[in-house]
Amino acid sequence: MHTSPIVISTRESDKKKQKLHQSPRLELSRSPRRALHCTRKQSSEPWRRRARGGVRSRSAPPAWAAGLRGGGRLVGIMDSSRSRSAAATEAAEAEAAGWVTVEEWAGSSAAALSRTAVLTASPSSSLASRRFGSRWGRVGGRLLGAFVPEGFPGSVTPDYVPFQMWDTLQGLSTYIRAMLSTQALLGAIGVGEKSATVIGATFQWFLRDLTGMLGGILFTFYQGSNLDSNAKMWRLVADFMNDLGMLMDLLSPLFPSSLIVIMCLGSLSRSFTGVASGATRAALTQHFALANNAADISAKEGSQETLATMLGMGLGMLLAHVTRGHAFGVWVSFLSLTIFHMYANYKAVQSLSLTTLNYERSSIMLQYFMDNGEENYFLLDKGGSVHIFIHKQAAATDILMSFIHGLVLAHLMQKSKSGHAEARQWIDEKYNTFISKLQVEGYSTERLLSHSIVWRAHWVHGPSEEKLE
């Protein structure tokens, strides 16, 4: 969840300052293969460098590096290709360099770091460590790292948090209802009755699972390629089918003569849920992954779902125990949780701001552009003058464009009686180039310095046969 850049600083005594300023510069970096590596650059500056993990060596570097680990230990890494004598020589040189301070920095991103620990090593091999922040804060941060992606919140989209919140609530209600529906289904197939046989219950359960498997394959065959293009819709459909399947299980004890049919229909409904929910979840995970961290988001979503499952199962067992033998209480609880489940799903889907284009979003954007995409001004030439009408929603850039457009039209009107078509063509083809050249020369093109425009207009348009009221 956190990155941990490290600052390494060394100081010499007053007698060694001149030699220190001629010492090499150390850069720290992280490598997936090693905890610490060393890069060496010549510099006349004192040794002080920030990095994310360790020290790397390219040409004749020292074979030791320092890093901070969990117990405040100073960890050194020796290059296996170096001989023991060379390593001992370099260790002696490192000890002669003075004392070393290692600082641990942590945060959600490189722009939001805070110092969490400092470790100091002296030539006499004494170590001194100091940690910043409360112990409970560090423990809470580690626990949170099991449920949110690394780099949170900067590594996910802004709609990740509201979606996960509502998604967790709807999942919690699902697991609570699952205990009620499962209890009803087990009672329907004869669990607890002396007349029921093991082979009969096993066969009924086999038919139930077989129907669900076949239904999932058929649903994938007909709709599998369309799920990611309509992730929001299929997300709602998946949860509605899940609710329908649970309702079938709860109804099964009321119709013993049609038990097999009802069980198979409920399993078939839930099979649609499994396929649609899994496919749409994959599409949403790709949407949330700002840092190409889809796998991390998926793993942490699994942790969140596991926690919600355990909590939901516990509450479901408690509710099943309380409502045992009270059919009215079971139905009231189930229907109330179902209504909340659908509401939570709607809020979760509503919080999403998908940036991919599909048929529906493309149609909506096109309609909006056709209704609002025209210039927020229009020109009228009358009596040798050009009148500019500014729309009430016009921005500063629209006012600048309308003024340039009016100047072009006025210039063209000196050559011909009407130059609207030519002026429109000039704006379409050359306006952006004109503005770019002004910006290159250093002019500000964000707005037009003119008298305050306190009068604005609003207009509508349509086919010529329509009449305006």
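The protein chain exposes about 29100 Å², with carbon and sulfur atoms supplying 61% of it. That area comes from the Shrake-Rupley method with a 1.4 Å probe. A word on the basis: this is a predicted model, where local features need pLDDT of at least 70, side-chain atom pairs count only at pLDDT 80 or more, and totals for chains, interfaces and linings use all residues. Residues are numbered from 1 along each chain as its sequence is written, and side-chain values use heavy atoms, leaving out hydrogens and water.

Next, the overall make-up. Of the 469 residues in the protein chain, 36% are buried (under 20% relative accessible area). The chain has 12 helices and 12 strands; these are DSSP runs, H or I of at least four residues for helices, E of at least two for strands. Now contacts, meaning heavy atoms within 4.5 Å. Take those between residues at least 6 apart in sequence: 64% join residues at least 24 apart.

On to one helix pair. How do α6 and α7 pack? Helix α6 covers residues 231-251, helix α7 residues 259-288, and they pack at an angle of about 155 degrees with axes 7 Å apart. So α6 is roughly antiparallel to α7 (an angle over 145 degrees). Their contact has 13 nonpolar, 7 polar and 4 charged residues.

Last, S336. This residue is found in helix α9, residues 327-350. S336 and S173 are 163 residues apart in sequence, yet 9.6 Å apart in space, C-alpha to C-alpha.

How values were computed: Buried means under 20% relative accessible area, exposed over 50%, partly exposed in between (1.4 Å probe, protein chains only). Axes are lines fitted to C-alpha atoms, for helices over the stretch in contact, and angles run from 0 to 180 degrees between N-to-C directions. Angles under 35 degrees count as roughly parallel, over 145 as roughly antiparallel, 65 to 115 as roughly perpendicular and the rest as oblique. Ala, Val, Leu, Ile, Met, Phe, Trp, Tyr, Cys and Pro count as nonpolar, Asp, Glu, Lys and Arg as charged, and the others, Gly among them, as polar.
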